[in-house]
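Have the model open while reading.

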Amino acid sequence: MRMMIGVLMLLAAPVAAQDWRAQPGDTAFDPAALTERLSGQTLVFFDDGQSVFESNGQYQYTYGGGGTWYGHWEVNADSIFCVTFVTGVERCDRIVENAGRLVLQTKDGMRFPVREERAHQEADT
């Protein structure tokens with residue numbers, strides 16, 4: 001019985017990995033291209049939230065109304081990046097390009113287009 005459950009879990013994994021609900025025109029990045037695209041950049045969303053991807057791997061997300069979460073980001077396969085926040089919580093999202101605009105996709109299918117991309121001014125350390 002345990003073996004059967006293990007096999008079923010392995011078979012279900014590819015289905016779960018494909019549940020990003022891609023839209024027509026979505027273009028995924030390979031890990032190197034996504035790392036290059038995000039590193040040193042600030043992504044500003046339409047609600048004025050901002051994701052800062054520092055080139056040293058540090059990450060900050062500031063809500064449109066204030067409040068900042070800090071963590072460390074890394075890129076994985078299939079255009080997915082993960083952030084491990086200082087609280088220990090990990091979150092993975094997917095970034096695609098569609099019609100010349102970056103779009104952040106969540107695992108549950110929500111889509112957040114990026115209003116603006118800009119170079120982040122990193123402090124000298």
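A salt bridge here is a side-chain nitrogen of Lys or Arg within 4 Å of a carboxyl oxygen of Asp or Glu. By that criterion, a search of the whole structure finds seven salt bridges. The model is predicted. Six aromatic pairs also turn up in a search of the whole structure. The largest nonpolar core has 17 residues.

**Salt bridges**

- R37 and E117 pair through their side chains, with N to O at 2.9 Å. R37 sits in helix 2 and E117 in strand 9 (residues 111–119), so this bridge ties together parts 80 residues apart in sequence.
- D48 bridges to R115, and their closest N and O atoms are 2.7 Å apart. This pair also links distant parts of the chain. D48 lies in the loop between strand 2 and strand 3 (50–53), R115 lies in strand 9, and 67 residues separate them.
- D48 has a relative accessibility of 41% and counts as partly exposed. R115, at 37%, counts as partly exposed.
- R91 and D93 form a salt bridge at 2.7 Å, N to O. R91 is partly exposed at 41% relative accessibility. D93 is buried at 5%, because buried means under 20% relative accessible area.
- As background, side chains of opposite charge can pair when their charged atoms come close.

**Nonpolar core**

- Within the largest core, the residues that touch the most other members are L43, F53, Y59, W73, F81 and I95.
- At least two core residues come from each of these elements: helix 2 (31–38), strand 2 (41–45), strand 4 (58–62), strand 5 (68–75), strand 6 (80–85) and strand 8 (101–105).
- Which strand gives the most to this core? Strand 6 does, with three residues.
- In general, nonpolar side chains tend to be buried together in soluble globular proteins.

**F81 and its contacts**

- F81 is buried, with 1% relative accessibility.
- Leaving aside residues up to four places away in sequence, F81 touches F53, E74, V75, R91, C92, D93, I95 and L104.
- Two of these contacts, R91 and D93, are themselves joined by a salt bridge.
- F53 and I95, also on the contact list, are among the core residues that touch the most other members.

**Aromatic pairs**

- F53 and Y59 form an edge-to-face pair, 5.1 Å centre to centre with 70° between the planes.
- F53 counts as buried at 1% relative accessibility. Y59 is buried at 6%.
- How do the rings of F53 and F81 meet? Their centres are 5.2 Å apart and their planes lie at 75°, so the pair is edge-to-face.
- F53 in strand 3 and F81 in strand 6 are 28 residues apart, and their pair links distant parts of the chain.
- Which residues do ring pairs link into a cluster? The cluster holds F53, Y59, W69, W73, F81 and F85.
- Among these cluster members, F53, Y59, W73 and F81 also belong to the core residues with the most contacts to other members.

Definitions and conventions. Residues numbered from 1 in each chain as written. Heavy atoms only, no water. Core = buried A, V, L, I, M, F, W, Y, C linked by side-chain atoms within 4.5 Å. Buried < 20%, exposed > 50% of the residue type's maximum accessible area, 1.4 Å probe, protein only. Helix = DSSP H or I, 4+ residues; strand = E, 2+ residues; numbered from the N terminus. Contact = heavy atoms within 4.5 Å. Phe/Tyr/Trp six-rings, centres within 6.5 Å; stacked < 30°, edge-to-face > 60°.
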